[in-house]
Structures are given as C-alpha cells and as structure tokens.
Amino acid sequence: MREMQFSAVVMMVMMCSALIVLMPDRVQRDTVINRSRWLMVGALGLIGAQFLVQYITELRTMGVTQAVLANLAFFVPASSLMNLTILNLQRQGRLTRIEQWGWTGVTLVVIAGLAIAVATDGRPIAQLSERVLLTEIGMSFVYAIMQAYYGFLQFRELQRMQDVIENYYDRDRKGLTQWMKHAISINGLLAFLVPLFIFGPNIVITIFALIFFWGIFMMWFSFVRYFTSNALNRVREAEESVRKSSKQKQEGGTLAPETMRNVNHAVERWLDSGAHLKAGITSPVAAETIGIPRYQLTAWVKASGYQSFTKWIIAQRVEEAKRVLKEHRDWTTEAVADHCGFNRTHFHKIFKQHTGVSPSEYA
C-alpha cells in the first residue's frame, strides 16, 4: 500500500511538472487554455497531496474510517477543479459564479462536517467511532450530488459543441470532441466510484487505485493533446460562426414561406453546379456561394428533414457517388471518393452506412 501511495505522489508530480514547464508558448498565451491548465495542475496537485498525507501519516493502517477522512478532504476539491478544467474549455472561460465557486461551498461543508465529527467524537484518531464513519458516508453523498451537477453541465455543453460542429463542417468531426466525451465519462466514473471503494479493504483499494491511476493519466494525456493540437481552434471557428449566424437570425427574424422557396431555388442551383462536391467546405462558405445568409441555410436544412449541415452535405455526396458508380464503372473507389469530396479513408464506411452495401457491391 505504501509503495502504491509513493508511486502516486511521483506520478502526480511528473504530470504537474509537464503542465507547468513543457507547454508551448502559444498555450501559455491563450487565456482559456492557460486557465484550464492551471485548474488541472491544482486538481492533480491535490490528488498527489492526498497520497502524500496517506503515505506520511499511515492512516490506512489505522483503519478505513481514518483513511477516508483524508480521501474526502482532498478528493472533493480535486474532482471540482477537474470538472472546472473541462467546463472552462467547453464554455471558453464563460462560467457563472455558481459554477466557478459552488464547489468551494461543498468542500467547506464536507471538511467542516468531518472536522466536527472527529472533534465531538472524543476519541483518539486511531479509535474513531462508527458515528464518524456515518458522517463520512453522508459527506460522500454530498460529494456525489456535486459531481452529478457538474457532470450534467458538461454533457449538456458537449452536446451543444457537437451540434455546432455538425452544422459547420462538411464531414464528421467527432474526433474534435471525442476526447472530451471520454474525459467526462472517466472523471464522472472515478468520482462516483471513489465514495464506494474508499470504504473497502486494502485489496479493493489497491485494485481501484490501478484503475484510478489509469483514468487520471488518460485524462491528463487527452488534455495535453488537446492543448497542443489545432482542435480547439477548429471548435472556436465553428462556435464563432454560430454566434454570427445567431446575430443575423435576430436581425432577419423568422423565414417567411416565400423566403424559404427562394432559398430552396438558390440551393438547388448550387447543387446543380456541383459546388457541394468540393472537399473541406464549411456552412458559412456554402451560404456565401449560394448567396444567402448562413442562418437561412441552417433553417432550410432543418426544414428539409436533415439534422445538420454535415448530414445534409454527406447525403448529397452519397447520391452523387451512387450516380458515378452506375455511370462510370471503370472508376476506382478512390477516384469516386475524390470526385464526391469524400475522405478516401472514410468513404467506404460512410457509403455503406447510407446504402447498406459497399461502393464496389453497389457498382
């Protein structure tokens, strides 16, 4: 157990050091990323401090009740800072006061509750009564409620981000937020499992610790990749376009039936020109070449029964691919993919999803 605690301290120190020292200058200059970076440093630092306290005081050897005191005192603020790391990136730094500071109230309640229970127990730390254990269970419940609140906010924001991306790019860009989905899931799972497993015997704690270390490392690794990649800029590009489109919609109001018919004619002419087959097109570019505001294109796409710009463009390209496969049987699959604006790697998968057969089988 002590070896595991020492290893955890070393692991947290190394990950914190990487976030502090090894981040590129552009990451440090970015206000949003830099804030999330330091929030994660704080979270990892608290986790490391918890294991250091356990290592020095040997609370686990005294009993489960004694060890859980340190677990809850450190894990509650650590989980909160990890939650804020994700939420800050999702909201681009725009957090409400409750979201920013609500966790401090929960932390104070948990620490105060534990301190009062120990102080009024009247026994040495090595001989705490069952009343302290019951208090710890109650504080674990408070901790779980806090985690559920932040988890709800994160998944809601994730869905919003995915909708924004799907209404901006011409192909599936789930990879931009897939890491975030995994990070939220891992963070939530670990946070909910902590109150369950910290009350278990040493063997259970050891097994859970290995899972815990893996989860924390994967979250850290995902964040570092996101910080250092161009993914955040791509998401920002899509969100900025949505804000401009929303402003246009407010100024233009709802679309009248005559406006919708005009948009429909303009879109049909654009499709007939084959402009939708150009790879890498975005919804603002499409709206500009069609000759309409982006909010009108978005409204028309949804009125046509498509969930997003991405799904609409892909459906049009699949139809073109079906036509080409019938009329040009000598074309290779790669040539068809290039002609229709598909990524060669994903063309086979996308075509089969829409038709139920591969391109070669369809031909």
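## The second largest pocket

Helix α13 (294-303) gives the largest share of the lining of the second largest pocket, five residues. Helices here are DSSP runs of H or I with at least four residues, numbered from the N terminus. The model is predicted, so local features need pLDDT of at least 70 and side-chain atom pairs count only at pLDDT 80 or more, while totals for chains, interfaces and linings use all residues. Residues are numbered from 1 along each chain as its sequence is written, and side-chain values use heavy atoms, with hydrogens and water left out.

The second largest pocket has a volume of about 310 Å³. It has 16 lining residues, and Ser245, Ser246, Lys249, Thr298 and Lys302 are the closest to its centre. Two or more lining residues come from each of α7 (130-166), α10 (231-252) and α13. By class, the lining of the second largest pocket holds five nonpolar, six polar and five charged residues. Nonpolar covers Ala, Val, Leu, Ile, Met, Phe, Trp, Tyr, Cys and Pro, charged covers Asp, Glu, Lys and Arg, and the others, Gly among them, are polar.

## The largest pocket

Now for the largest pocket, whose volume is about 420 Å³. On a 1 Å grid over the protein atoms alone, a pocket is an open set of points with protein on both sides within 12 Å along at least five of seven lines, a cavity is a set where a 1.4 Å probe fits but cannot get out, and lining residues have an atom within 4 Å of a point. Points are joined across faces, edges and corners, and volume is the space filled by probe spheres set on them.

The largest pocket is lined by 19 residues, with Arg171, Asp172, Ile314, Ile350 and Gln353 the closest to its centre. Helices α14 (309-327) and α16 (344-355) each supply at least two residues of this lining, and α16 gives the largest share, five residues. In the lining of the largest pocket, three residues are nonpolar, seven polar and nine charged.

## Cavities

The largest cavity holds about 170 Å³ of space. Of the 14 residues that line the largest cavity, Met4, Gln50, Phe51, Asn71 and Ile205 lie nearest its centre. At least two lining residues each come from α1 (2-21), α3 (31-57), α5 and α9, and the largest share, four residues, belongs to α9. Nine residues of the lining of the largest cavity are nonpolar, four polar and one charged.

The second largest cavity has a volume of about 90 Å³. Its lining has 13 residues, and those nearest the centre are Ile47, Ser79, Asn187, Phe212 and Ile216. Helices α5, α8 (175-197) and α9 each give two or more residues to the lining of the second largest cavity. That lining divides into eleven nonpolar and two polar residues, with no charged ones.

## Helices α5 and α9

Let us look at this pair directly. Helix α5 (residues 64-90) packs against helix α9 (residues 202-228) at an angle of about 30°, and their axes are 12 Å apart. Axes are lines fitted to C-alpha atoms over the stretch in contact, with angles from 0 to 180 degrees between N-to-C directions.

In this contact (heavy atoms within 4.5 Å), α5 uses Phe75, Met82, Thr85, Ile86 and Leu89, and α9 uses Phe212, Met219, Phe223, Tyr226 and Phe227. Nine of the residues in the contact of α5 with α9 are nonpolar, one is polar and none is charged.
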